[in-house]
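Q: I have a structure to read. Please show me how to go about it.

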Amino acid sequence: MGLIETLYSPGVMMLVALVIIPLLVVGATVAIVFLLKLITTGRPDVEKIEARKYLRYDAGNPPRPGDFRRKVSMQYLGYLILFLAVEPIVILMALILIAPREALARVLFLYVAILLIYAPLLYYGIRESRRLEAWILG
């Protein structure tokens with residue numbers, strides 16, 4: 001058995017596919033991350049002046065005097081509910097497009113039923129996102 005037959009044997013091919021290639025991919029990823037970290041490192045003199053740059057703010061709101069880490073306000077709850085309710089509806093729209101003609105009536109019935117189930121959730125999400133009291137940080 002020659003070198004070529006050994007290199008193309010099932011055991012060597014499995015070793016290459018399951019061990020060597022993933023290690024190369026992980027190694028290349030780690031090398032790229034470290035290279036990008038070196039390239040994008042900030043200037044130490046600016047980082048000392050801008051100490052608030054690394055503090056967490058609530059939902060990206062501008063800083064206010066006082067404690068920077070306060071409770072997260074619920075101002076985005078309505079938008080979260082809307083997103084969680086609309087996403088399955090959009091996915092079901094895509095499924096309607098690929099449904100076979102014979103099953104189209106059943107798929108449309110299922111879609112309308114899901115819309116009726118999600119209607120109260122959509123209404124609540126819209127109502128919560130318009131509630132101005134949730135937008136006041138205090």
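This is a predicted model: local features need pLDDT of at least 70, side-chain atom pairs count only at pLDDT 80 or more; totals for chains, interfaces and linings use all residues.

Q: Which residues make the nonpolar surface patch?

A: Met-14, Leu-15, Leu-18, Val-19, Ile-20, Leu-23 and Leu-24 make the patch, which covers about 700 Å². One of these residues, Leu-23, is found in helix 2, residues 10-39.

Q: Is Leu-23 buried or exposed?

A: A residue counts as exposed when its relative accessible area is over 50%. Leu-23 has 58% relative accessibility, so it counts as exposed.

Q: How many residues does helix 4 have, and what is its reach from the first C-alpha to the last?

A: The expected span is 1.5 Å times one less than the number of residues. Helix 4, residues 77-98, has 22 residues and reaches 33 Å, close to the expected 32 Å. For helix 5, with 27 residues, the reach is 36 Å, close to the expected 39 Å.

Q: Where does the kink in helix 5 lie?

A: The kink, of about 40°, lies at Tyr-118, shortly before the proline Pro-120.

Q: Which residues of helix 4 are buried, and what do they pack against?

A: Buried means under 20% relative accessible area. In helix 4 the buried residues are Gly-78, Ile-81, Leu-82, Ala-85, Ile-89, Leu-92 and Ile-96. These buried residues pack against helix 5, residues 104-130.

Q: Which residues are buried in helix 5?

A: Tyr-111, Ile-114, Leu-122, Gly-125, Glu-128 and Ser-129 are buried there. The buried residues of helix 5 pack against helix 4.

Note on methods: Residues are numbered from 1 along each chain as its sequence is written. Side-chain values use heavy atoms; hydrogens and water are left out. Patches are made of residues with over 30% relative accessible area and no salt bridge: like charges are joined within 9 Å, nonpolar side chains (Val, Leu, Ile, Met, Phe, Trp, Tyr) within 5 Å. Accessible areas come from the Shrake-Rupley method with a 1.4 Å probe; for residues, only the protein chains shown count as cover. A salt bridge is a side-chain nitrogen of Lys or Arg within 4 Å of a carboxyl oxygen of Asp or Glu. Helices (H or I, at least four residues) and strands (E, at least two) are DSSP runs, numbered from the N terminus. Buried means under 20% relative accessible area, exposed over 50%, partly exposed in between (1.4 Å probe, protein chains only). Contact means heavy atoms within 4.5 Å. The bend at a residue is the angle between axes fitted to the seven residues ending there and the seven starting there.
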